[in-house]
Structure formats: C-alpha cells, structure tokens
Amino acid sequence: MQEERIIMRALEPQDAEKVYEWENDYEQWTNGVNSRFFSLFAIKEYIANQQNEDIFACSQTRNIIELHTNTGKRMIGCVDLYDIDARHSKAGVGIYIDSKERGKHYATKSLELLEKYAANILCLHQLYAFVIEDNTASNSLFTSAGYSLNATLKNWVRVKDNFKNVNVYQKIL
C-alpha cells in the first residue's frame, strides 16, 4: 500500500538487522510493551514465520514503513496491528519511526495506510492505541490522526520506580 512517498509492506528477510536495531532500542521501551532484548536469530525466525501464519490466527502483523525518494528507498519504521479480534472487528496499533526520521509527518501518513489496510482488507471496524501520558509526540499523533481520547488508565505502567498514566485512543474506521 502506498501514500505519496510512503509505502507499507510486509517484512522481508533483509529487514532483520534493522528490525533487530529497533526492537533493541532500549530508550524506547518505556513507550511500548517491550521489556527484553531480542536476538537477531529470533527476529529472523519471526520474519520467516510471519509470512506463513494466518493474520487472524496469530492476531498480529508487523509491516515495514519505507520512504521512496528520487535517490532510492529506505526503511524508516514499522507499524503493527496486535490483538486483532475478528469477532469484534478491532485491533491495537503500534508504530515506531526511526529516531532520524521523526518529526517529518511520516507517522501520520503511515497510520493512514494502516487504517486503509485495516478497513478495506481486514474489514476491521475500529483501531485503538495505548500511549503513555507524557509521550507528547505519540499523543499528538493519534489526536491529529482523528483518534478519540476515551480513557486515561491511572498508574497503568511502571517506568523505573514510578507508575505512569496511559491514554487510550480509539478510532472508528
């Protein structure tokens, strides 16, 4: 799927090293659910197996966000659907943009592509996202992308010795 210069595509074996770098970006762990390091072997296995799994059976999918320019193409991030629930037509959203590519509206374009895919291909009715309250960039992203802030879960995640609130965003497709 493509939106201007942004392309969302399936994981390929040659993506493993970059995904390995992103998954092991310790500084970003407080913004997601990751709490352990991943081996390159595990990531290669995930990529190999993802292509053979039914998206509804494994209830998740990860796609690469690629930027196409006059000088070529490069991976700039990834976007996930997780907890895909076919019965209730909903899924959670996770997005990661490489630190060198942030602030350029690539996340917004990537969410638009993901929403089209979720609605038109997977026939999902809604998407949701959990965002730590002090993650200003992600809160702004989901608000500007038309997601409604429906709840704030108090003291929901532990970050070091503190508990932080998490905002719950929802978008009807």
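I took buried as under 20% relative accessible area, exposed as over 50%, and partly exposed as in between, with a 1.4 Å probe and protein chains only. This core has 29 residues, and L81 and F142 touch the most other members. At least two residues each come from β2 (6-10), β3 (60-69), β4 (72-85), β5 (90-97), α4 (106-121), β6 (126-132) and α5 (136-144). The largest share, seven residues, is from α4. My element names follow DSSP runs, numbered from the N terminus: helices are H or I with at least four residues, strands are E with at least two.

A note on provenance: this is a predicted model, so local features need pLDDT of at least 70 and side-chain atom pairs count only at pLDDT 80 or more, while totals for chains, interfaces and linings use all residues. Residues are numbered from 1 along each chain as its sequence is written, and side-chain values use heavy atoms, with hydrogens and water left out.

Next I listed what L81 touches, with contact meaning heavy atoms within 4.5 Å. Leaving aside neighbours within four places in sequence, the partners of L81 include A91, G92, V93, L114, Y117, A118 and L127. I also found a second, separate core of ten residues, with L11, A16, I43 and Y96 among them.

Then the strands. I called two strands paired if DSSP finds at least two bridges between them. β4 and β5 run antiparallel and share seven bridges; in that pairing D80 sits opposite G94 of β5. Their hairpin has four residues between the strands, and S89 there takes a positive phi near 55°. β5 and β6 run parallel, with three bridges, and G92 has Y128 in β6 as its bridge partner.

Which hand does the unit of β5, α4 and β6 have? It is a right-handed β-α-β unit: with the strands pointing away from the viewer, the path from the first strand over the helix to the second runs clockwise.

I looked at helix α2 (residues 40-50), where the buried residues are I43, I47 and Q50. They lie on the same side of α2, because they cover an arc of only 75° around the axis, taken from the directions from the helix axis to the C-beta atoms. An α-helix has 3.6 residues a turn, so residues three or four places apart point the same way. Among the elements covering the buried residues of α2 are α1 (16-23) and β3.

Cysteines next. Counting pairs of cysteine sulfur atoms within 2.5 Å as disulfides, I got zero. C78 is buried at 5% relative accessible area, whereas C123 is exposed at 54%. C123 is in the loop between α4 and β6 and, although not a glycine, has a positive phi of about 60°.

D83, in strand β4, is another non-glycine with a positive phi, about 50°. D83 is partly exposed, at 46% relative accessible area.

Last, W156: buried or exposed? At 53% relative accessibility, W156 counts as exposed. W156 is in strand β7 (residues 148-159) and touches K164, N165 and V166, not counting residues up to four places away in sequence. Its C-alpha atom is 8.8 Å from that of I132, 24 residues apart along the chain.

Key: Core = buried A, V, L, I, M, F, W, Y, C linked by side-chain atoms within 4.5 Å.
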